[in-house]
Amino acid sequence: MSGAIGPGSEGMNLEHIKTCVRCGLRYDWRRSSSASLKMTYCSHLCEAGDLGFTLEALLHAQPPAAEEVEASEPETAAI
Ligand SMILES: [Zn+2]
């Protein structure tokens with residue numbers, strides 16, 4: 001129960017320490033690589049592993065059908 005966080009570790013604040021709901025790791029949520037759920041997961045890997053996707057991926061997701069529609073041009077141009 002001794003202080004695990006010694007002097008010199010500036011920026012480390014117990015108020016910012018969260019426990020990852022997936023792997024149980026304690027982490028500083030400000031350093032989490034999870035884009036949208038820093039307060040919940042230690043990294044985007046845990047976010048993706050738990051959800052099956054990342055919210056960031058959803059936000060940047062492109063509609064899959066758009067490319068196929070544009071590609072459907074007729075190859076024969078008979079004039
Ligand atoms: Zn984790």
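**Close-up views of a predicted protein chain**

**View 1. The whole chain, for orientation.** The protein chain carries 3 helices and 2 strands; helices (H or I, at least four residues) and strands (E, at least two) are DSSP runs, numbered from the N terminus. Of the 79 residues in the protein chain, 10% are buried. A residue is buried if 20 or more other C-beta atoms lie within 10 Å of its own, exposed if 12 or fewer, and partly exposed in between, with C-beta atoms placed from the backbone. Two residues are in contact if their C-beta atoms, placed from the backbone, lie within 7 Å. Counting contacts between residues at least 6 apart in sequence, 8% join residues at least 24 apart.

**View 2. T19 in strand β1.** Strand β1 covers residues 17–19 and includes T19. T19 counts as partly exposed because it has 13 C-beta neighbours inside 10 Å. Setting aside neighbours within four places in sequence, look for its contacts with G24 and R26. C42 lies 23 residues from T19 along the chain, and their C-alpha atoms are separated by 7.5 Å.

**View 3. K18, also in strand β1.** K18 has its place in strand β1. Its 18 C-beta neighbours inside 10 Å are why K18 counts as partly exposed. Beyond four places in sequence, K18 is in contact with Y27, W29 and M39. From K18 to T40 the C-alpha distance is 7.4 Å, although 22 residues separate the pair in sequence.

**View 4. S32 in a loop.** Here we turn to S32, which sits in the loop between β2 (26–28) and α1 (44–51). S32 is buried because 21 other C-beta atoms lie within 10 Å. Neighbours within four places in sequence aside, S32 is in contact with Y27, K38, Y41, C42 and S43.

How values were computed
Residues numbered from 1 in each chain as written. Predicted model: local features only at pLDDT ≥ 70, side-chain atom pairs only at ≥ 80, totals over all residues.
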